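Colleague: Please take a close look at the packing inside this model, and build up the picture for someone new to the subject.

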Amino acid sequence: AELEGTFLMAQGRLNGYLDLVDTSLESGADTASAESDAGDASVDAAAAESPAAEPVVHRVKMLNTGADGGSMVFEPAVLKANVGDTVIFEPTDPAHNSRSVLVPDGAAEWAGALNKELSVTLETEGVYIYVCDPHKIMAMVGVIQVGSATNLDAALAEAEALESGFALAKGRLNTYMGQLN
């Protein structure tokens, strides 16, 4: 099962890169920027491990059921990015949106419409927490760390407050927060 998951994740990344190259060729671009199409529910650390030269486009799927069998999830649920990167929230399954509930000081908040793709460019370092409004009570949440976790104390406090309102998947957000550094 582990080997199959690794294969599917690699296949998903390859498809994302091929789509990006096709788009770049169609638009006449000379070079393609790196794109992360992470298919696993854990951490997408591609940007954190790469030089900060070119912004990265990350894709986060809004799903009824995740690769790990969890209900009402964002994949990846925890994302590590750099300032200037963009996150595209994809309405893979119907009846989802993405809305920020905590952003670093000075960062722009966002609120996506139901069933609509949303693009967010991350211009401020720190921790961002977001939810799917219809499924917030079911712990449909995600976390983005941009650069250093400059607002970690505020993020941990917000996570604790959110956890107290979840009817299902209690502990999910705390697990995600534990993956930050």
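Modeller: A nonpolar core is a set of buried Ala, Val, Leu, Ile, Met, Phe, Trp, Tyr and Cys residues joined through side-chain atoms within 4.5 Å. Buried means under 20% relative accessible area, exposed means over 50%, and partly exposed lies in between (1.4 Å probe, protein chains only). The model is predicted, so local features need pLDDT of at least 70 and side-chain atom pairs pLDDT 80 or more, while totals for chains, interfaces and linings use all residues. Residues are numbered from 1 along each chain as its sequence is written, and side-chain values use heavy atoms, without hydrogens or water.

The largest nonpolar core holds 20 residues. Those with the most contacts inside this core are F74, F89, W110, L122, Y128 and I144. Elements giving two or more residues to the core include β3 (57–65), β6 (86–90), β9 (126–131) and β10 (141–146); strands here are DSSP runs of E, at least two residues long, and helices are runs of H or I, at least four, numbered from the N terminus. Take I144 as an example. Leaving aside neighbours within four places in sequence, I144 is in contact (heavy atoms within 4.5 Å) with L79, A81, V87, F89, W110, L122, G126, V127, Y128 and Y130.

Next comes a helix. In α3 (residues 152–163), the residues A155, A159, L162 and E163 are buried. Seen down the axis of α3, the buried residues fall within an arc of 95° (taken from the directions from the helix axis to the C-beta atoms), so they line one face of the helix. An α-helix has 3.6 residues a turn, so residues three or four places apart point the same way. The buried residues of α3 pack against β7 (99–102), β9 and α4 (172–177). On the face turned away from the buried side, α3 carries the exposed residues D153 and E160.

Charged pairs complete the picture. The whole structure has two salt bridges, each a side-chain nitrogen of Lys or Arg within 4 Å of a carboxyl oxygen of Asp or Glu. In one, the side chains of E90 and R59 meet at 2.9 Å, N to O. This pair links distant parts of the chain, E90 being in strand β6 and R59 in strand β3, 31 residues apart. E90 is buried, at 17% relative accessible area. R99 forms a salt bridge with D133, with the closest N and O atoms 2.6 Å apart. R99 is partly exposed at 26%, and D133 is partly exposed at 35%.

Definitions and conventions:
The expected span of a helix is 1.5 Å times one less than its number of residues.
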